[in-house]
Amino acid sequence: MRAILLNPGPVSLSDGVRRAITRVDLCHREPEFFNLQDQIIRDLLDIYQCDPAEWTAVLVGGSGTSAMEAMMASLLPSDANLLVLENGVYGERLSKLAKIYGISYQALHAPWGDEIDLDALAELLASGEYSHVAAVHHETTTGRLNPVDKIAALCDEHNVQLLLDAVSSFGAEAIPFGNPCLQAMAATANKCLHGIPGLAMVLCRRDALEQDIEPRSLSLHLPSWAAAQAKSSTPYTPAVNSMLGLAQALKELRKQGGWKARRTHYRKLAADVAETLDQLGVQQWLPASQSSCVLRSYHLPDGLTYNALHDGLKQHGFIIYAGQGDFAEKLFRISTMGEISDYDMARLEQALQTVIGG
Ligand SMILES: Cc1ncc(COP(=O)(O)O)c(C=O)c1O
């Protein structure tokens, strides 16, 4: 039986994407590849109607962390003073990257799952000490959707630039591309876009790429990738098959109504799962109003370990996801990204009733 992936990426693929990945063998120095690359860049910008005169999408081989790393290593000048917003694993990862690359930074820390303290953020930005903020949009650790609109408004007010990790929200949540503070946004092919792993991307303002910053990395240096891509080239071997899959996935996203329709669809699936779990006495970790459309976390039911829950659901053909770190003993996560049919949802309801309801 083919398992349905309810982990937050990689996702279950559509038949179209599955076929596209192996549709053709492509050399990355041939015009057929460059047409594919150009098309993907255009389609990525088109999802949120980013103006190609102001924005470009830089495609880099790698995972979501590679996208975060490329953004942090490439776009922060040597005299930057960065404020990192932490309330989960990925915010803390942004701080780790700042540390590794020797970028001067401070974290505005909140415990995992808590809200970002916007008053404290306003006060820190008003101090005039910070040139940049780095934030996670959807903190996948708990499913919390951080208020990126409010964060961006504060950055604009204080003339501070914003770098955003939107790895688990790009393609399904609102992203403030219209705010002048937003300089770049990191994402991957294999989450809300429904492609396969291997392709990282950073949507960047063209101005941000034109800063005179000493390279901190060779293979994750965004200006080098962007310059090559603009000349129908690529500096290193790209993730060709992942790109074939993404081109098809982007066609399907457009056909299905774009990011807003995807958000509506994900919200419905997440609400259906939450309702089934509620009837079984399983509590949500965060209220629905604070959760993304992509993923919700739940308290582990009394008397059921994560392993028992995971293995029971796997026998029915569903892969769920554990909590990270100390949360491993406390919560489990269900993401409803990817190709999930009504029939799959009906089977999932039955599987949850059997495994949890006993
Ligand atoms: C918000 C966020 N950022 C970054 C990452 C890292 O992505 P990867 O595991 O593909 O490196 C993830 C992965 O789930 C994520 O959810």
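## Cysteines, cores and a buried glutamine

The disulfide count here comes to zero. Keep in mind that this is a predicted model.

- A disulfide is a covalent bond between the sulfur atoms of two cysteines.
- Take Cys181: its closest cysteine sulfur belongs to Cys155 and sits 4.9 Å away, which is too far for a bond, given that the cut-off is 2.5 Å.
- Cys293 isn't in a disulfide either, with 6.3 Å to the nearest cysteine sulfur, that of Cys192.
- Cys293 is buried too, and its relative accessible area is 3%.

**Nonpolar cores**

- Nonpolar side chains tend to be buried together in soluble globular proteins.
- The largest nonpolar core here has 58 residues, and the members touching the most others are Leu44, Val133, Phe170, Phe177, Met201 and Leu246.
- Skipping residues up to four places away in sequence, Leu44 touches Ala57, Leu59, Phe170, Leu193, Met201, Leu203, Leu246 and Leu250.
- There's also a second, separate core of 35 residues, with Ala186, Cys204, Leu220 and Leu222 among them.

**Gln37**

- Buried or exposed? Gln37 counts as buried, at 1% relative accessibility.
- Apart from neighbours within four places in sequence, Gln37 is in contact with Leu59, Gln229, Ser233, Thr234 and Met243.
- Leu59 turns up in the contacts of Leu44 and also in those of Gln37.

Conventions: Residues numbered from 1 in each chain as written. Predicted model: local features only at pLDDT ≥ 70, side-chain atom pairs only at ≥ 80, totals over all residues. Heavy atoms only, no water. Core = buried A, V, L, I, M, F, W, Y, C linked by side-chain atoms within 4.5 Å. Buried < 20%, exposed > 50% of the residue type's maximum accessible area, 1.4 Å probe, protein only. Contact = heavy atoms within 4.5 Å.
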